[in-house]
Amino acid sequence: MARIDLVDLAHSYGGNDAPQESFALKPVTMTWRQGGAYALLGPSGCGKTTLLNVISGIITPSRGKILFDGKDITPLSTQKRNIAQVFQFPVIYDTMTVGQNLAFPLKNRGVPKADIDRRVAEIGRLLDLEPYLNRKATRLTADAKQKISLGRGLVRSDVAAVLFDEPLTVIDPELKWQLRSKLKALHRELDLTMIYVTHDQTEALTFADTVVVMHDGRVVQSGTPAELFDKPAHTFVGYFIGSPGMNILPAEVRGREAWIGGHVIALNRSYDNLPSGAKIEIGVRPEFVEVVAPAPGLLTARIERIDDLGRIRFARVRVGDAKLAARAPGGFTSADGSAGLKFDPSHVHVYADSLLVEGAA
Amino acid sequence: MDKTVNQKAWFLVLPVFLVVAFSAVLPLMTVVNYSMQDTFGNNQFFWNGVGWFKELLDPSTDLGGRFLASLGRNLFFSLVILAIEVPLGIVVALSMPREGWTVAACLIILALPLLIPWNVVGTIWQIFGRPDIGLLGYTLNAIGIDYNYVANEFDAWVTVIVMDVWHWTSLVALLCYAGLKSIPEAYYQAAQIDGASRWAVFKAIQLPKMNRVLLIAVLLRFMDSFMIYTEPFVVTGGGPGNSTTFVSIELVKIALGQFDLGKAAALSLVYNLIILIVCWIFYTVMTNAGVERKIQASSEPAVEPKPSAALKPMPALKPKEGVA
């Protein structure tokens with residue numbers, strides 16, 4: 001049980017002297033509160049696994065500190081940190097039974113046999129592994145094996161945080177849901193800090209109460225799923241979260257107006273102090289753009305196709321060179337393939353050099 | 001499905017039949033033929049039935065005594081070198097670096113003894129061990145150890161065993177190294193998190209993951225050492241006395257030295273049979289281990305389709321089109 005603080009933490013596989021641009025994990029300072037369910041979300045190679053391995057102690061960071069409940073544990077080895085980690089591919093000890101697998105971490109730490117048996121029985125019950133305790137672990141299914149890896153972490157009563165490194169990659173889709181709900185249930189029951197690395201936004205958004213989005217070695221936003229959806233702090237977050245992702249358009253912003261190719265789009269807030277020379281873009285989620293019949297004053301677009309997702313239809317349109325997605329209301333058709341775009345001003349965000357700019361009211 | 005009947009196809013397999021017949025079947029049958037007969041030269045043969053085989057398995061006769069004694073020596077030799085080479089090979093593989101240029105250097109050094117022809121290995125050790133001019137023999141005698149592999153049985157055995165260990169431990173080490181390399185990094189990381197000691201890591205992860213290659217290593221080393229001829233023949237010539245005369249050396253003595261074709265033929269058939277049986281036992285053990293795995297995989301419907309798939313890193317799924 002611990003709060004985890006990262007203080008100016010960074011890691012480079014090329015050593016500390018490498019240029020900062022090449023760092024796998026760029027300096028980050030943040031706090032993971034005790035008992036939180038976190039997801040580290042980002043595409044492959046964004047540094048999320050590096051961050052996880054730094055926390056678990058498999059990698060020693062090039063700089064910065066990690067604090068568990070305020071205590072600096074950066075120099076401590078993995079064994080000394082009370083961390084459990086579940087890997088992408090199930091790690092089980094082939095020659096042992098399920099029960100022996102679960103007992104392994106305790107045996108290594110010299111726990112008395114009676115205590116081991118009690119803990120193993122307890123964790124076996126918690127993870128529904130009871131019927132298998134005396135069976136060879138190699139004979140089990142991938143999801144049962146992942147449960148064993150998890151169990152080997154949970155069996156230690158002192159465990160501070162459980163780290164998951166894309167644990168559902170090798171699990172069959174229908175079992176993924178089961179295992180994920182099991183994880184959520186465990187989280188509620190055990191009050192453990194859980195950090196879950198994934199590149200799958202659905203997994204992240206359903207598992208976590210706080211999602212940490214990483215991009216190119218940087219933490220670009222950390223917030224609830226709703227925050228990530230409503231107010232992406234970075235154009236990458238806007239694009240990565242949501243399906244289809246946020247529309248990002250280069251624009252000229254003056255006061256409460258954004259200009260795109262001679263058309264004006266109204267904004268809810270006023271942006272007077274935009275940094276000069278920065279790349280200015282507006283971002284708006286497809287859910288808040290509507291295709292309507294072309295009309296004066298509306299941005300004109302060419303419709304390329306309309307995707308029917310059942311509950312909702314999205315039109316893929318083109319404005320000049322830019323491609324956008326927009327909501328197509330039921331019954332909308334376009335005879336000549338042209339349409340007007342209606343923006344919801346309260347959901348149009350302005351980005352300077354990819355970062356969200358808060359306008360003045 | 002109906003099979004097309006085309007008798008011309010026989011002509012296409014005929015060359016294979018001929019080659020196999022002349023290279024394997026006919027020579028083997030000649031040996032079988034000889035093993036039932038006796039000859040005193042002049043290409044005159046006399047029927048002897050299973051007489052040679054009876055003699056071969058009877059320790060009170062000259063032939064049987066020599067055969068069983070050499071067989072005993074041979075089995076002892078195989079056991080000794082297995083007992084040394086397998087643990088030593090594992091230790092060497094475990095202490096090898098896992099990445100960097102030193103890997104290549106280690107692999108080259110390990111591979112060198114394997115590339116040397118048998119009789120050259122024999123010659124190297126024959127000279128190396130000589131008390132008058134050999135570096136090893138001279139040094140040992142100079143520091144007061146009375147070492148002479150030509151005169152002393154124990155020294156001869158030590159020389160032959162050390163030579164085999166020098167020549168073949170690399171093979172075991174390379175096989176084990178390959179087995180070790182195939183263990184995913186996550187296993188070590190998990191063991192680290194589980195607080196496993198070095199010994200626990202070896203017992204719980206490395207040894208179980210190496211058992212397949214170890215089985216192959218034991219098979220290869222057993223067969224090779226059981227058939228060993230050249231190296232001890234070059235170094236000790238089977239001596240002193242008969243102390244390092246292994247089965248193959250005895251066989252050559254009977255066949256070419258005494259020109260007792262019948263006895264030699266019977267001996268080679270039995271020798272061959274022993275090797276076949278041992279191979280078959282190993283093969284059965286190995287395939288059974290494989291079958292067991294397959295049954296494990298198919299007995300439960302939800303088990304991953306390929307047992308090995310869990311070990312291979314899968315290509316990462318693309319998060320979403322266009323995100324780069």
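Predicted model: local features only at pLDDT ≥ 70, side-chain atom pairs only at ≥ 80, totals over all residues.

Biologist: Which feature does UniProt place at residues 71-282 of chain B?

Modeller: The UniProt record, an unreviewed entry, gives "domain: ABC transmembrane type-1" for those residues.

Biologist: Turning to chain A, how many helices and strands has it?

Modeller: Chain A has eight helices and 21 strands. Its C-alpha trace spans about 80 × 50 × 35 Å along the principal axes.

Biologist: And what share of the 361 residues in chain A is buried?

Modeller: Buried residues make up 45% of them. As for contacts in chain A with a separation of 6 or more, 66% are between residues 24 or more positions apart.

Biologist: At what angle do helices α2 and α3 of chain A pack?

Modeller: Helix α2 (residues 98-108) and helix α3 (residues 113-126) of chain A pack at about 130°, and their axes are 9 Å apart. The angle therefore makes α2(A) oblique to α3(A). Their crossing is right-handed.

Biologist: Which residues meet there?

Modeller: From α2(A), the residues are A:G99, A:L102, A:A103, A:L106 and A:K107. They meet A:I116, A:R119, A:V120, A:I123 and A:G124 in α3(A).

Biologist: What is the make-up of that contact by class?

Modeller: The contact of α2(A) with α3(A) has six nonpolar, two polar and two charged residues.

Terms used:
Residues numbered from 1 in each chain as written. Chains lettered and ligands numbered in written order. UniProt positions renumbered as here; feature names shortened; annotations may be inferred. Helix = DSSP H or I, 4+ residues; strand = E, 2+ residues; numbered from the N terminus. Buried ≥ 20, exposed ≤ 12 C-beta atoms within 10 Å, placed from the backbone. Contact = placed C-beta atoms within 7 Å. Axes fitted to C-alpha atoms, helices over the stretch in contact; angles between N-to-C directions. Parallel < 35°, antiparallel > 145°, perpendicular 65-115°, else oblique. Left-handed = near helix turned anticlockwise from the far one by under 90°. Nonpolar A, V, L, I, M, F, W, Y, C, P; charged D, E, K, R; others polar.
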